[in-house]
Amino acid sequence: LKFNRSRSDLCLYTKSESAGLTFVIVWVDDIIVIGSNLNLVNQFKNSIKAKFKVKDHLQLKYFLGIEFQFTEGSVRMSQNEYCKSILERFSMTNCNPQDTPCVSNVFDELRSHINSPLLENPTPLQGSSGLTTIFTAGNKTRHKLHNKCPRQTDVQTN
């Protein structure tokens, strides 16, 4: 298919032809195909369908926690449902939002809690690493600061 892999994002592949550009994003077993020429996009999709069993959802609705809504001339991207599910998963739905930026000197804030007792069971909080930890909703941000060994003050809500 002769696509070029991006150096900055290893999930992104591009193909430039005189007829237009085609972009392919591959994440595990999900693929997004977009391009400047619908015929090129369809050619790519048909070549993949010829080699693999695939489901074509036609229009992108949800990918990696991002919801997509298409209107004339625009695309709206949102992570509302993803953020809600993360907050629910870690029992943080009642946490208080905080204006951004969080604190003027985050290192002083972290050091001020250095003697706080360690959590007895840090596993749920440690499981949140790798997930989005900052959720922006308007001018508010929900977040909790924690280091590798979570402390009780890291999970207290105001």
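Begin by selecting strand E4 (30-35), helix H1 (38-51), strand E5 (62-63) and strand E6 (66-71), each of which contributes at least two residues to the lining of the largest pocket. The model on display is a predicted one. The space in this pocket amounts to about 920 Å³. To find its centre, select Ile31, Ile32, Val33, Asp56 and His57, the closest to that point among the 29 lining residues. Colouring the lining by class will show 18 nonpolar, four polar and seven charged residues.

Next, display E5, E6 and E7 together. These three strands make up an open sheet, in the order E5-E6-E7, with antiparallel pairing. E5 and strand E7 (74-78) are the edge strands; each has a single partner strand, and therefore one side of each lacks a neighbour in the sheet. In general, the strands of a sheet pair through backbone hydrogen bonds, in either a parallel or an antiparallel manner. Zoom in on E5 and E6, an antiparallel pair joined by two bridges. Here tyrosine 62 is positioned opposite glutamate 67 of E6.

Now move to strand E7 and select serine 78. Is serine 78 buried or exposed? Serine 78 has a relative accessible area of 9%, and because the limit for a buried residue is under 20%, serine 78 counts as buried. Show the residues around serine 78: beyond its neighbours within four places in sequence, its contacts are Gly65, Ile66 and Glu67.

Definitions and conventions. Residues numbered from 1 in each chain as written. Predicted model: local features only at pLDDT ≥ 70, side-chain atom pairs only at ≥ 80, totals over all residues. Heavy atoms only, no water. 1 Å grid on protein atoms, 1.4 Å probe; cavity = no way out; pocket = protein on both sides within 12 Å on 5 of 7 lines; lining within 4 Å. Points joined across faces, edges and corners; volume = space filled by probe spheres on them. Helix = DSSP H or I, 4+ residues; strand = E, 2+ residues; numbered from the N terminus. Nonpolar A, V, L, I, M, F, W, Y, C, P; charged D, E, K, R; others polar. Pairing = 2+ DSSP bridges. Buried < 20%, exposed > 50% of the residue type's maximum accessible area, 1.4 Å probe, protein only. Contact = heavy atoms within 4.5 Å.
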